[in-house]
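Hi,

Here is the structure I promised to pass on. Have a look at it first, and my notes on what turned up follow below.

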Amino acid sequence: MSESHFTHSQDQLKQLAQDVLGYAREQGGTDAAVEISEGSGLSVSVRKSKIETIEQNKDKGLGVTVFVGKKRGNASTSDFSAASLRATVEAAYNIARFTADDECAGLAEEELLEKNPRDLELFYPWDITTEEAVVLAQRAEAASFAVDPRITNSEGAGVHVQQSHFVAANSRGFMGGYPYSRHTISATPIAGKGAKMQRDDWYSSVRDPKKLATPEAVGRYAAERALARLNARQMTTRTCPVLFEAPLAAGLLGAFVQATSGGALYRKSTFLLDSLGKSVFPDHIQVTEDPHVPGAIGSAPFDEEGVRTQYRDVVKDGILQGYFLSTYSARKLGMQTTGNAGGSHNLSLTSKRTEAGDDFAGMLKKMGTGLLVTELMGQGTNYVTGDYSRGASGYWVENGIIQYPVEEITIAGNMKEMLAQIVAIGNDVLVRGTKQTGSILLEKMVVAGN
């Protein structure tokens with residue numbers, strides 16, 4: 001694990017954290033928490049082989065929370081000098097003094113904190129020059145144009161490189177931190193001409209640059225997706241089965257997470273209120289959370305509050321086993337944190353019914369006749385009622401075979417019913433951020449056309 005990519009070492013960040021906690025005690029704080037981070041990155045984009053943008057970032061920051069009994073105040077700075085740190089702590093303390101008591105405020109219980117965090121191998125620096133990054137982006141875009149003469153334009157291709165590290169600590173004995181990285185190659189080609197143009201995109205994003213898809217593979221697949229959308233038609237309104245392509249299926253899993261997160265639950269603003277121990281999916285569905293997968297995007301030995309993370313069954317045989325809670329939201333609900341301050345960790349949605357033949361083609365056959373959705377537009381989910389309505393495009397499928405692309409349609413349903421009507425999950429598994437799932441087949445939805 002190399003720290004040569006940063007101005008400060010982990011030990012130096014830990015010393016700054018100890019200093020801040022000491023200043024908070026001197027000021028009169030009863031508890032305190034601090035997080036210090038530093039990062040650097042490079043982003044380049046090209047369009048029609050010419051450089052569009054080159055951005056380099058190098059930033060650092062410190063945020064501190066000071067508690068005065070059940071009152072809390074927050075302040076931040078990007079200046080790591082002793083004078084600035086003292087002033088930042090004083091500002092947080094003064095905010096806390098004039099804030100109302102909140103019975104649920106406070107640090108996590110000491111026994112829940114991760115005192116010996118494991119190394120999950122999350123740091124893979126990419127020593128790439130700006131010139132090399134530009135060439136990679138150009139290769140991705142060139143691969144798109146080479147697929148077919150009907151690829152007539154491009155919204156660009158890009159390479160993004162990011163490496164950061166942080167230290168978090170609090171006055172109950174927790175201190176931990178680590179470096180991490182994430183790197184991406186993307187392409188967005190345009191097919192056709194005039195009013196009949198279609199665009200699509202693809203990307204590869206991982207922590208280890210050696211595991212990135214080649215620029216040519218990214219560019220070619222993005223082009224093939226754009227070409228497949230040419231000559232799209234409209235549809236008449238109907239009710240039919242709907243297959244969500246794997247990248248969009250991860251969004252359905254994300255909606256489930258939001259609906260079972262502490263903030264929505266204690267505010268009573270979710271369609272899955274009081275759903276713990278109840279069936280929210282069919283009995284063949286499982287959702288697991290594994291924060292400790294080495295090198296994965298969603299891995300973390302502890303959450304944003306220092307609480308240790310752990311493997312768990314979130315949904316077992318369709319029944320909800322646990323929510324996604326921080327310390328604060330758990331106290332509001334009279335429960336215990338699940339180590340999800342900051343979000344979920346490596347969620348996986350699977351089905352006991354998934355078979356070897358349930359690849360993408362197999363899922364089309366399983367659907368038979370219906371709509372394959374490959375793009376969604378707008379933010380059409382009402383998390384209070386579960387009502388769901390999104391602009392969409394995709395392909396009409398008959399007898400398991402794609403017939404033609406469709407556009408300018410709307411798919412509608414109720415999220416609670418949609419989760420309960422999952423017929424199958426494909427083995428065409430794709431990881432998108434902290435979530436992974438194959439394509440998801442729903443029994444039926446309303447498809448509104450012209």
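**Around G426**

Leaving aside neighbours within four places in sequence, G426 is in contact (heavy atoms within 4.5 Å) with T354, D358, M363, G438 and S439. You'll find G426 in the loop between strand 16 and strand 17 (430-432). Helices (H or I, at least four residues) and strands (E, at least two) are DSSP runs, numbered from the N terminus. G426 is buried, at a relative accessible area of 4%; buried means under 20% relative accessible area, exposed over 50%, and partly exposed in between (1.4 Å probe, protein chains only).

Before going on, two notes on the basis. This is a predicted model, where local features need pLDDT of at least 70 and side-chain atom pairs count only at pLDDT 80 or more, while totals for chains, interfaces and linings use all residues. Residues are numbered from 1 along each chain as its sequence is written, and side-chain values use heavy atoms, with hydrogens and water left out.

**Helix 8**

M363, which G426 touches, is one of the buried residues of helix 8 (residues 360-367), together with G362, L364 and M367. What do the buried residues of helix 8 pack against? They pack against strand 8 (238-244), strand 13 (370-377), strand 14 (387-398), strand 15 (401-414), strand 16 (422-425) and strand 19 (440-448). Just after helix 8, G368 has a positive phi of about 80 degrees.

**Two helix pairs**

Two packed helices are described by the angle between their axes and the distance between the axes. Here axes are lines fitted to C-alpha atoms, for helices over the stretch in contact, and angles run from 0 to 180 degrees between N-to-C directions.

Helix 1 (residues 10-27) and helix 2 (residues 82-97) have axes that come within 9 Å and cross at roughly 45 degrees. That makes helix 1 oblique to helix 2; under 35 degrees counts as roughly parallel, over 145 as roughly antiparallel, 65 to 115 as roughly perpendicular and the rest as oblique. The crossing of helix 1 and helix 2 is right-handed, a crossing being right-handed if the near helix is turned clockwise from the far one by less than a right angle, and left-handed if anticlockwise. On the helix 1 side the contact is made by L16, V20, Y23, A24, E26 and Q27, and on the helix 2 side by A82, L85, R86, V89, E90 and Y93.

Helix 3 (residues 130-147) and helix 4 (residues 215-228) pack at about 40 degrees, with their axes 7 Å apart. Helix 3 is therefore oblique to helix 4, and passes helix 4 in a right-handed crossing.

**Aromatic rings and charges**

How many aromatic pairs does the structure hold? There are 12, where rings of Phe, Tyr and Trp (its six-membered ring) pair if their centres lie within 6.5 Å, and planes under 30 degrees apart count as stacked, over 60 as edge-to-face and the rest as tilted. F166 and F302 make an edge-to-face pair, 6.1 Å centre to centre with 65 degrees between the planes. F166 lies in strand 4 (residues 151-170) and F302 in the loop between strand 9 (285-289) and strand 10 (312-316), so the pair ties together parts 136 residues apart in sequence. Both F166 and F302 are buried. F166 and F302 also belong to one aromatic cluster with F174, Y178 and Y180.

Two charges sit over rings (NZ of Lys or CZ of Arg within 6 Å of the ring centre and within 35 degrees of the ring normal). K60 lies over the face of F80, at 4.6 Å from the ring centre, and the charged end of R238 is over the ring of W396, 4.6 Å from its centre.

**Loops to look at**

V293 is in the loop between strand 9 and strand 10. At 32% relative accessibility, V293 counts as partly exposed, and V293 touches L120, S299 and N346, not counting residues up to four places away in sequence.

Most residues other than glycine have a negative phi. N231, though not a glycine, has a positive phi of about 60 degrees. N231 lies in the loop between helix 4 and strand 8 and is exposed, with a relative accessible area of 57%.

Cheers
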